[in-house]
Amino acid sequence: MVFSIGVSLCAKNKWPDMILKIVTTGAESSGKTSLAKALAQAFNEPWVPEYSRDYIDQLSRPYRQEDLIEIARGQVVREGEYARKAKQMYFCDTSIEVIKIWSEYKYQNCDPQILELFQSRKADLYLLCAPDVPWEYDPQRENPNDREELFHIYKSVLKNEKHFEMWGEHEKRLQEAILHIERLIP
């Protein structure tokens, strides 16, 4: 019961309207987590860890397409929890767009509930990390050779959203992201 209430509240953005949602997004091993953590530290605001990692770690089997809706719901609840801790903004290490894109890429379709969550839970700013950093192995990563193709898919999905591409080494990305975020602060 609490879970469904949490999803409902988060999906309708019931936390303060002035709280900004900033999402680092992009293909696997493109620097999303590093950038999200650094931004959270720079602004002294919450960093929302990617829910899918925790979900997949607790599975005793490979994940399946039907797991993606549970991952999406868990991500929304987690974002809501961290948003309530924020003073001005919070930083998501990925969000629903990743689940949408991955479902369409891997399974050639996407659950309508995920699409609805994506439409109702847009970020104020997406920081699209380019795959110009070295690939780092992680047991949950699947696509070391498709990062460029996925980057272009992300660009297409985000074309109508406020987003900026993050290229180059970490410090360059961090400084550029800070400038973009400062322009959003009322």
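Q: Buried means under 20% relative accessible area, exposed over 50% and partly exposed in between (1.4 Å probe, protein chains only); is Lys100 buried or exposed?
A: Lys100 is buried, since its relative accessible area is 11%. This is a predicted model, in which local features need pLDDT of at least 70 and side-chain atom pairs count only at pLDDT 80 or more, while totals for chains, interfaces and linings use all residues. Residues are numbered from 1 along each chain as its sequence is written, and side-chain values use heavy atoms, with hydrogens and water left out.

Q: Which helix holds Lys100?
A: Lys100 belongs to helix H5, residues 96–107. Helices (H or I, at least four residues) and strands (E, at least two) are DSSP runs numbered from the N terminus.

Q: And what is Lys100 in contact with, beyond four places in sequence?
A: Its partners there are Cys110, Ile114, Leu115, Phe118 and Val157, where contact means heavy atoms within 4.5 Å.

Q: At what angle do H5 and H6 pack?
A: The angle between H5 and H6 (residues 112–120) is about 145°, and their axes are 9 Å apart. Axes are lines fitted to C-alpha atoms, for helices over the stretch in contact, and angles run from 0 to 180 degrees between N-to-C directions.

Q: Which residues make that contact?
A: H5 contributes Ile96, Glu97, Ile99, Lys100 and Glu104, and H6 contributes Ile114, Leu115, Leu117 and Phe118.

Q: Changing topic: how many salt bridges are there?
A: The structure holds twelve, a salt bridge being a side-chain nitrogen of Lys or Arg within 4 Å of a carboxyl oxygen of Asp or Glu.

Q: What about Asp132; which residue does it pair with?
A: Asp132 forms a salt bridge with Arg173, with 2.4 Å between the closest N and O atoms. Asp132 lies in the loop between strand S4 (125–129) and helix H7 (147–157) and Arg173 in helix H8 (residues 170–184), so the pair ties together parts 41 residues apart in sequence.

Q: Is Arg173 buried or exposed?
A: Arg173 counts as buried, because its relative accessibility is 2%, whereas Asp132, at 35%, is partly exposed.

Q: Which salt bridge does Asp54 make?
A: The side chain of Asp54 meets that of Arg78 at 2.5 Å, N to O. Asp54 is in helix H3 (residues 51–58) and Arg78 in helix H4 (residues 67–83), 24 residues apart. Arg78 is buried at 14% relative accessible area, while Asp54 is partly exposed at 39%.

Q: And where do Lys172 and Glu176 lie?
A: Both are in helix H8, four residues apart, about one turn of the helix.
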